[in-house]
Amino acid sequence: MIPLLLTMWTAPALAQDVSEQQVLATLASAQVQTRVNALTTLYKRNDFRALEFNLSQLPPLSQEAVREKLVLFAVEFGQVDQAKATWLAEQAGRKPTFTIVEQGDGYLVTKAAFHYGAPARTLIQHWEHQLQADDMVRKAESGTLQLSHWLTTDAVVQKRRRDLFLERVDTLSPDAIATLVTQFQSDNQLMWLPDNAIIASLAAHSGDSKMYQLLWRRRTDTYSYQELTRLTEMAPTPLALEQLMAATTNPSLKRQAYRSLITLRPMPASTRQFLIAKMGEVDEGQVVAQQLAQQGYTSWLRQLATSHSSHVLKKNLQIVLEQ
């Protein structure tokens, strides 16, 4: 179970006002720096009982200064485990012991003298995120990650886990990817995903034609366009050509997909045959021919208009060439 540490709460205490000069002088004092150097060793060893005892021997202002420097050291050190996270959560939950009062033109502003709560909180959040990511990878590799259950109906959690999946999908093995792909063939609940992020990602990492069919059938979003752009950059590899052709079945993507195919230089023979077939269709013919004409294929279109046997194709070409 992944711990949630940021809900810890400490009872409020009355804060004492100090000047900013007092705070800066304390932070820069030799006593504070010497104590910080000693206590970082205890922090790394997870000896927080001794660490807190040492802190308790300091005057309150120096103690707060040392806490701030220790948290900043923890952020720089970066390595967090359960014991460190627990101590950091305690720091994040501490109420200000000292405040600074700033006087302006007719107003007073009170602010905390030390600001270690926010970096402690951010470090814990990063650690918890890494725990969740590692847990996702372990489950995916063991075949126990059921996407329809893991991607819960809670929109906030779902978005966070979607982003986590996209962050770590590159680390998954081909077998783990293949196992996740098969879930889309058997689990109808996955058809109701709110966006195409995971579908596009799995299609890209697996090259699975059924995943691509699902992607092109779904409502278009940012992730669909991103995958189409990636395929365009991969062309003319066989997979890219195959899926650029398949993407023309999506009403929102077809113009971009056709343009990606038509601008290939040199144009592969399979692409030429595909475009000729499309120009022979009632619905698509003029759209494709128009794009070809715009890309400088007028001579080829004139040749097709005189040599091809399809009456629909000839008519489509005639309309475009007369414009």
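Trainee: What makes the pair Tyr-297 and Arg-265 a polar contact?

Mentor: Their side chains come to 3.1 Å. A polar contact is a pair of N or O atoms within 3.5 Å; within protein, one must be able to donate a hydrogen and the other to accept it, and residues adjacent in sequence count only if both atoms are side-chain atoms. The model is predicted, so local features need pLDDT of at least 70 and side-chain atom pairs pLDDT 80 or more, while totals for chains, interfaces and linings use all residues. Residues are numbered from 1 along each chain as its sequence is written, and side-chain values use heavy atoms, without hydrogens and water.

Trainee: Why is Tyr-297 called buried?

Mentor: Its relative accessibility is 10%, and buried means under 20% relative accessible area, with exposed over 50% and partly exposed in between (1.4 Å probe, protein chains only). Tyr-297 therefore counts as buried.

Trainee: How do you know that Ser-148 is buried?

Mentor: Ser-148 has 12% relative accessibility, so it counts as buried. The side chain of Ser-148 also makes a polar contact with that of Asp-187, at 2.5 Å.

Trainee: Why is α16 called oblique to α18?

Mentor: Helix α16 (residues 285-294) and helix α18 (residues 311-321) pack at about 45°, their axes 9 Å apart. Angles under 35 degrees count as roughly parallel, over 145 as roughly antiparallel, 65 to 115 as roughly perpendicular and the rest as oblique. α16 is therefore oblique to α18.

Conventions. Axes fitted to C-alpha atoms, helices over the stretch in contact; angles between N-to-C directions. Helix = DSSP H or I, 4+ residues; strand = E, 2+ residues; numbered from the N terminus.
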